[in-house]
There are 2 protein chains.
Amino acid sequence: MRELPLPKVFQFLEPGPVVLLTTARKGRANVMAMSWHTLVDFEPPLVACVVSSADYSFDALRATKECVIAVPAVELAEKVVQVGNSSGRDIDKFEAFNLTPLPAERVKPPLIAECFANFECVVVDTRLVHKYCLFVLEVLKAWTDPKQKNPKTIHHRGYGTFAVDGEIMRLKSKMR
Amino acid sequence: MRELPLPKVFQFLEPGPVVLLTTARKGRANVMAMSWHTLVDFEPPLVACVVSSADYSFDALRATKECVIAVPAVELAEKVVQVGNSSGRDIDKFEAFNLTPLPAERVKPPLIAECFANFECVVVDTRLVHKYCLFVLEVLKAWTDPKQKNPKTIHHRGYGTFAVDGEIMRLKSKMR
């Protein structure tokens, strides 16, 4: 994994891909699939995400205030759905789905070796957790896998239907 | 425009498309491009979105607490970038970019006739507006254009680069 400058993080999340979210509690790591997230600021990169209180990850995230957001390419789509269809209450998902946890630098939850980008995060605002399960995260450290070239991401339309990235368009933007 | 049942709204926003956001203040409508949004709940559909205080739309949204989220297909990409590169401070964007405002039913900001989905929204939570410019919206009424079949959306990767929807994958999900 190669370190990614923090101001570039938004480019990976703004398109709205399905991501994996890892947590760790009492020495045990878990992972869930997540589609409900948005950028909140560029630098430091802030992200808002919704983790349902029905998800096993909710308690770990609320208690430890740490997570990793990992971005899978389309080749991992089957595993992403398996992760989404199971609970860390019942199984060790890393083992069950053959995902490789790697130690992170700033947080306890692991990176995922198979994902092309990994973002180490801490929870910085919990005001909307009680009512909406919405956490505001700050990305402390970011990594990409230089071996995965031009990865295509998947975008969830509900009920297991995903749009895969297709054509890339470049238009004249004033964005610096 | 045909009415869309509210429980179906998430399917249009969860994939993370670039959307247009309309506001209206003192009898004048405006529109901006927006990529920073996420679902927060299914029903009633709640959406969190970030509208920068530097955007002309910010004051209108904060003051009126109403907006419309309109989803453009890829054929509108050039106009979306033009909308994003200009400000309602300087021009009437509907006129300048030949977008057609249609009256909404529950809110004052207009629907956009050229977009394949339009969601009438009110602001329901402003606790994170001061610190993050993050608004929580509730969708009161939703519309789709039955004439636009299988629209492809665009996903912003920054600096005017967009991934267009490609292949559609269907995997076995437990989601009901």
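The model is predicted. Chain A superposes on chain B by a rotation of 180 degrees with 0.0 Å of shift along its axis, at an RMSD of 0.0 Å. The two copies are thus related as by a two-fold rotation axis. The same surface serves both copies, since 100% of the contact residues of chain A recur in chain B.

**Contact between the chains**

- Chain A gives 47 residues to the contact and chain B gives 48 residues.
- On the side of chain A that touches chain B, at least two residues each come from helix H1 (10-13), helix H3 (77-84), and strands S4 (37-41), S5 (46-50), S10 (134-144), S11 (154-156) and S12 (161-170) of chain A.
- S12(A) supplies the largest share of that side, ten residues.
- By residue class, the side of chain A that touches chain B has 23 nonpolar, 14 polar and ten charged residues.
- S12(A) and strand S12 (residues 161-170) of chain B run antiparallel and are joined by seven bridges.
- Within this pairing, A:Ala163 has B:Ile168 in S12(B) as its bridge partner.

**Nonpolar core**

- In soluble globular proteins, nonpolar side chains tend to be buried together.
- Here the largest nonpolar core has 110 residues, and A:Leu20, A:Val47, B:Leu20 and B:Val47 are those with the most contacts inside it.
- Leaving aside residues up to four places away in sequence, A:Leu20 touches A:Val31, A:Ala33, A:Ala70, A:Pro72, A:Val80, A:Val83, A:Ile112 and A:Cys115.

**Helix H3 of chain B**

- In helix H3 (residues 77-84) of chain B, the buried residues are B:Lys79, B:Val80, B:Val81, B:Val83 and B:Gly84.
- These buried residues of H3(B) pack against strand S2 (19-25), strand S3 (28-34) and helix H4 (93-96) of chain B.

**Cis peptide bonds**

- In chain A, the bond from A:Glu43 to A:Pro44 is cis, with omega near -5 degrees, and A:Pro44 lies in the loop between S4 and S5 of chain A.
- In chain B, the bond from B:Glu43 to B:Pro44 is cis, with omega near 0 degrees, and B:Pro44 lies in the loop between strand S4 (37-41) and strand S5 (46-50) of chain B.

**Positive phi in residues other than glycine**

- B:Asn150 has a positive phi, near 45 degrees, and is found in the loop between strand S10 (134-144) and strand S11 (154-156) of chain B.
- B:Asn150 has 8 other C-beta atoms within 10 Å and is therefore exposed.
- B:Tyr159 has a positive phi, near 60 degrees, and is placed in the loop between S11 and S12 of chain B.
- B:Tyr159 has 13 C-beta neighbours inside 10 Å, so B:Tyr159 counts as partly exposed.

How values were computed:
Residues are numbered from 1 along each chain as its sequence is written. Chains are lettered from A and ligands numbered from 1 in the order in which they are written. This is a predicted model: local features need pLDDT of at least 70, side-chain atom pairs count only at pLDDT 80 or more; totals for chains, interfaces and linings use all residues. A residue is buried if 20 or more other C-beta atoms lie within 10 Å of its own, exposed if 12 or fewer, and partly exposed in between; C-beta atoms are placed from the backbone. Helices (H or I, at least four residues) and strands (E, at least two) are DSSP runs, numbered from the N terminus. Two residues are in contact if their C-beta atoms, placed from the backbone, lie within 7 Å. A nonpolar core is a set of buried Ala, Val, Leu, Ile, Met, Phe, Trp, Tyr and Cys residues joined through C-beta atoms within 7 Å. Ala, Val, Leu, Ile, Met, Phe, Trp, Tyr, Cys and Pro count as nonpolar, Asp, Glu, Lys and Arg as charged, and the others, Gly among them, as polar. Two strands pair if DSSP finds at least two bridges between them. Copies are superposed by least squares on the C-alpha atoms of residues with pLDDT of at least 70 in both.
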